[in-house]
Amino acid sequence: MRTRPAHLSRGALVVPAILVALGIFLLYGTLTMEVVGDGGLFGPTTMPWIVAVLCFVVAAGLTFDILRPRPEYDGVAAGAVPAAVPAGGAAAGGADDAAAATGHTGVDPGSPDGVGPDGVGPDGAGSGSEASGDAVADAPDAVNSAAVLTAVGGVAAFIVVLPWLGWILAATGLFTALAAALGNRRWFPVVLAGLALASAIQVVFSGLLGISLPAGFVGGF
Amino acid sequence: MEQLTNLLGGFADILSPSALLFVFVGALLGTAVGVLPGLGSAMAVALLLPLTFVLDPTNALIMFTGIYFGGLFGDSIAGILMNTPGNSTAIASSFEGYRMAQRGKAAQALATAAIGAFIGGMVASLLVVFFAPTLAELATGFGPAEFFALAVFAFIAISAVVADSAIRGLAALAIGLVLALIGIDQPSGTPRFSFGFPALLDGVSIVVITVSLLALGEVFHQAAKVGRSTEQDTVLPTGRPWLSRAEFRAALPAWLRGTGYGLPFGVIPAGGAEVPTFLAYGTERRLDRRRTTPMFGRGSIQGVAGPEAAGNATAGTAMGALLALGLPTSATAAILLAAFQQYGLQPGPLLLERSGDIVWALLAGFFLAMVVLLILNLPFAPLWAQLLRVPKSYLYAGIGVFAAFGVYAAGASTVDLVIMLVIGVLGLAMRLYDIPVAPVLIAVILGPLAEYSLRDAMGNSGNDPAVLVSSPITVVLYLLLVAGLAWAAWRRFAEKRAADV
């Protein structure tokens, strides 16, 4: 028995939810649309109606596809939410369909703390990724939410501070936040690399090619 | 032989130092993103779209094409040496390629892959040179009904025929169509779904959508995977990167067969090269079983040659379909179409007439790019593999910064950055739950074409739906679509049966 892959787990219901939200967005926007001129049968509201219906139909179909029983995964304990079940050599899980092997080719150790390995970057000396031995858990939907929140928060913070701090400082911050989210906590080289990249972009694209970037309070350079 | 004179004119145009530089840079960047797992030519071109604001169209487009082809050259390097294909297009050639590497034939596997990619791309480019003008001429008669049929064909083909799960492909298609609807409706001038935000009147810029979905979404996805280990067992190539006469003779038929698979798939909106590479792989395996000493499973040179040739042949004819019909058949082609639009050029039947000089220079660029790529890949493949040592944290942090820069440069607006964040999170959700990204891009690019041609066709005919199937071209397109759906259903059925046994 294998656990359900991520795209068939309860979490995957996010996607139909997004589709329903988009459908409602279209319905609301279409109903309140101020049509210029005579719309006619095939006016500016026709396509939104079609797409809205498509959203709802696909959302329904996808929900069914996610929730329907699948004997190959559920086994006896049907509907059990997949936890980190030790699956040993069966980690080659979803590889039965070769074309589906785009997403989950890697194997994942349960990531018990939910936080990246502290201190050491995942690729310190090139191939020095953490040796987790043979005890491999098949937990395809083990999402490192702390890392994701750091990355998303980093981008959000970048958007807020960009007008004040200017491109170079804000982008350095963004670089640092993203690198930290990806598990690199060696601040000094990271900040330095971020500063170098941000400055290089500023010089090449703003200086030489004339794309304008916000200067912020430092201004001038 | 008008094409040959035109092509020679194209060569004359691009044999300037600056154009050659961009061919080289494109090939270099393409190979690099091909080597690195998770990156791809689609993301690279998306990140470089802001360059269209400053570069001359020929140079930018030549560079982007070089990236497209280069991605398909580089993708097999990591697959052969480490069994981690750089892209889904290299999965098929990695099976036997990695086995060859384990047997000490890594250098030969890399050479087979590079030469295969070269042959596939060359043959496809030649075909494009000779048939694209004919195709474009045929397409000059296209009216709204034909364009609508073409768009519907692309939508259904990319979402339902190729994706592993039709419903997931359709979900992606719906998301793309919604994004395409935002902004002022061109025929009537009605503002749609902008809710009073002036920034939304122009719609969501294609640069913002592609960069957020492909680059930022991938950065978030990498963050989500932090803590999972990836096993890497690198085989470093030793010995001559050249093939012996016997090896060459063994690989040659497979290269040609693979090319044969790849060519038609470039014109079909099948989402890129995955399907033909697997078809080529399957064929080589079947042929291998009949040999006296079957090599599959122990590192068969044909198992590398076929899929690699198929991949680049697809890219070549995909460029032909893009230039002659304005039909993007893969994610990268969709972004290239966006690049053309940034310059006010509309790929399709009229492009050759109106901007023939750019098209022929671009086609000449294909050949140059192939040669440069072969030189970059044949002897230097082991060097490229060193790229895999770049720590992921630096790589993806850099990509994130570039994405933010690209989006800001596209419109200098904070609203765009917020949209970037939202679509980036959407891209994460799609990656986590196996929703393909390519249909979103095709829908965003072809959505307006589908809508406006439908409304034109209906308006011109007094809302008579029969106009949509009134010409032979539309009928043929819809019949092809039905055949494609039947084939996809049969393939899924056959796979399921094979899996049960």
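How are α8(B) and α17(B) oriented to each other? I began my notebook with that, on a predicted model in which local features need pLDDT of at least 70, side-chain atom pairs count only at pLDDT 80 or more, and totals for chains, interfaces and linings use all residues. Residues are numbered from 1 along each chain as its sequence is written, while chains are lettered from A and ligands numbered from 1 in the order in which they are written.

**Entry 1: α8 and α17 of chain B**

I looked up helix α8 (residues 206–224) and helix α17 (residues 414–432) of chain B, and found that their axes come within 7 Å and cross at roughly 55°. Helices here are DSSP runs (H or I, at least four residues; strands are E, at least two), numbered from the N terminus. Axes are lines fitted to C-alpha atoms, for helices over the stretch in contact, and angles run from 0 to 180 degrees between N-to-C directions. So α8(B) and α17(B) are oblique to each other; under 35 degrees counts as roughly parallel, over 145 as roughly antiparallel, 65 to 115 as roughly perpendicular and the rest as oblique.

I noted a right-handed crossing of α8(B) past α17(B). A crossing is right-handed if the near helix is turned clockwise from the far one by less than a right angle, and left-handed if anticlockwise. Among the residues in the contact are B:Leu213, B:Leu216 and B:Phe220 of α8(B), with B:Ile419, B:Ile423 and B:Leu428 of α17(B). Contact requires C-beta atoms, placed from the backbone, within 7 Å.

By class I got 14 nonpolar, five polar and two charged residues for the contact of α8(B) with α17(B). Ala, Val, Leu, Ile, Met, Phe, Trp, Tyr, Cys and Pro count as nonpolar, Asp, Glu, Lys and Arg as charged, and the others, Gly among them, as polar.

**Entry 2: α10 and α11 of chain B**

Next I turned to α10(B) and helix α11 (residues 301–325) of chain B, which pack at about 150° with axes 8 Å apart. This pair is therefore roughly antiparallel, and α10(B) passes α11(B) in a right-handed crossing. I listed B:Tyr281, B:Glu284 and B:Arg285 among the α10(B) residues in the contact, and B:Gly303, B:Gly306 and B:Pro307 among those of α11(B). The class count is five nonpolar, seven polar and three charged.

**Entry 3: where chain B touches chain A**

I found 70 residues of chain B in contact with 80 residues of chain A. Helices of chain B that each supply at least two residues to this side include α8, α10 (274–289) and α17. The most comes from α16(B), with 11 residues.

**Entry 4: chain A**

In the unreviewed UniProt entry I found "transmembrane region" listed for residues 12–29, 49–67, 155–181 and 187–211 of chain A. Residues 12–29 are 89% helix and 0% strand, with end C-alpha atoms 27 Å apart. For residues 187–211 I noted 88% helix, 0% strand and 30 Å between the end C-alpha atoms.

I then checked helix α1 (residues 14–31) and helix α2 (residues 46–67) of chain A, whose axes come within 8 Å and cross at roughly 160°. They are therefore roughly antiparallel, and their crossing is left-handed. A:Leu19, A:Gly23 and A:Leu26 are among the α1(A) residues that meet α2(A), where A:Ala52, A:Phe56 and A:Ala59 are among the partners.

Methods: Contact = placed C-beta atoms within 7 Å. UniProt positions renumbered as here; feature names shortened; annotations may be inferred.
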